[in-house]
Amino acid sequence: MNGVWDTFEARLGRLMFAIAWVALGIESLVYGIPVMRLEAWGKTWPGYTTIGYTTGVIVILAGIGLMWAERAKLSASILAILTFLWTVGLHLTKLLPTILHTDYWEGFAECLAVFGAAWVLVSIMPPRLITNMWDRILDNGIPIGRIFFGVALVIFGAMHFIYLDFTASFIPAWFPHRELLAEFTGAAHIAAGLAILSGVLAQLGATLAGIMYLSWFFVLHIPRVIATPHDPFEWNGAFVALMLSGAAFIVAATFIKSADGEPK
């Protein structure tokens, strides 16, 4: 995958990913809470505020590190480890006992998508490490990260249909046929996820997903932030949308073909 990290899609995705992580970390420090939506640490669990301050500092530093190519691999590795622990240790443990219900699927999918993109970013960023075994692990991280991200998009799409009225309520009132638009974006999630999983039109699917999330950042979330600037939930929604957009562009970059028809 030589050169993928320096493509426009990868650089844009990495910058958006980095800004979102810094923003989420600042939010954790301001409110003394774990990283909202991603770090599902229960409010009644011990060390709630301490965990919030600690991980807030960590993700701010990692986000800043992502902005420089020389530090991006280490920073992405830290974020990949964190989001893996959150996905398996926090979200999955809540999801499995209630797997036939839909209460925890959305949070699980968000963390899974972010972990997948972080692992892809670790795998494409230079410099490569010195052992052949680790290089093979990193190469395998690219398709694995794609799979995680693709599965997450399919889950997002299914949640759009299951919670159709709730999804439609987030769309500004001046949009016509809000329920139809919610159905369309649900189908778009599923189509993009299947494209990434199958490799058919995968770059297009991931790129369009990134554009969709970026449009939500500006059209859906920013107006809600302006309307209720003191609501951390609205700020968090904007940050997560920006993060998912960057994640999609990072994944899209891995499908770019070189002149000989092979992925870079």
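This is a predicted model: local features need pLDDT of at least 70, side-chain atom pairs count only at pLDDT 80 or more; totals for chains, interfaces and linings use all residues.
Biologist: What is the average pLDDT of the protein chain?

Modeller: The average is 91, and 91% of the residues score at least 70. pLDDT is the predictor's confidence in each residue, on a scale from 0 to 100.

Biologist: Changing topic: how far does helix α1 reach?

Modeller: Helix α1 covers residues 8-31, which is 24 residues, and its first and last C-alpha atoms are 35 Å apart, close to the expected 34 Å. The expected span is 1.5 Å times one less than the number of residues. Just after α1 comes G32, with a positive phi of about 65 degrees.

Biologist: And what about the span of α7?

Modeller: Helix α7 (residues 178-198) has 21 residues and should span 30 Å, and its end C-alpha atoms are 30 Å apart, so the two agree. G199 follows α7 and has a positive phi, near 80 degrees.

Biologist: Which residues of α7 are buried?

Modeller: A182, T185, G186, H189, A192, G193, A195 and I196. Buried means under 20% relative accessible area, exposed means over 50%, and partly exposed is in between, with a 1.4 Å probe and protein chains only. As background, an α-helix has 3.6 residues a turn, so residues three or four places apart point the same way.

Biologist: Which residues other than glycine have a positive phi?

Modeller: R37 and L201 are among them. R37 has a phi of about 75 degrees, sits in the loop between α1 and α2, and is partly exposed at 30% relative accessibility. L201 has a phi near 55 degrees, lies in the loop between α7 and α8 (202-227), and is exposed at 62%.

Biologist: How many aromatic pairs are there?

Modeller: Eleven. Rings of Phe, Tyr and Trp (its six-membered ring) pair if their centres lie within 6.5 Å; planes under 30 degrees apart count as stacked, over 60 as edge-to-face, and the rest as tilted. One of the pairs is F17 with W21, which is edge-to-face at 6.2 Å centre to centre and 90 degrees between the planes.

Biologist: Where do F17 and W21 lie?

Modeller: Both lie in helix α1, four residues apart, about one turn of the helix. F17 is buried at 1% relative accessible area, and W21 is buried at 0%. Ring pairs link F17, W21 and W86 into a cluster.

Biologist: Why is the F217 and F218 pair called edge-to-face?

Modeller: Because the ring centres are 5.0 Å apart and the planes are at 80 degrees. F217 is buried at 14%, whereas F218 is exposed at 52%.

Biologist: What sits over the ring of F255?

Modeller: The charged end of R146, 3.8 Å from the ring centre. The rule asks for NZ of Lys or CZ of Arg within 6 Å of the ring centre and within 35 degrees of the ring normal. R146 is in helix α5 (residues 132-162) and is buried at 16%.

Biologist: Is K73 buried or exposed?

Modeller: Buried, because its relative accessibility is 8%. K73 lies in helix α3 (residues 69-95).

Biologist: What does the side chain of K73 reach?

Modeller: The backbone oxygen of M125, at 2.6 Å.

Biologist: Last one: what does A253 touch?

Modeller: A253, in helix α9 (residues 232-253), touches V4, T7, E9 and A10, not counting residues up to four places away in sequence. A253 is buried at 0%. A253 and G3 are 250 residues apart in sequence, and their C-alpha atoms are 9.9 Å apart in space.

Definitions and conventions:
Residues are numbered from 1 along each chain as its sequence is written. Side-chain values use heavy atoms; hydrogens and water are left out. Helices (H or I, at least four residues) and strands (E, at least two) are DSSP runs, numbered from the N terminus. A polar contact is a pair of N or O atoms within 3.5 Å; within protein, one must be able to donate a hydrogen and the other to accept it, and residues adjacent in sequence count only if both atoms are side-chain atoms. Contact means heavy atoms within 4.5 Å.
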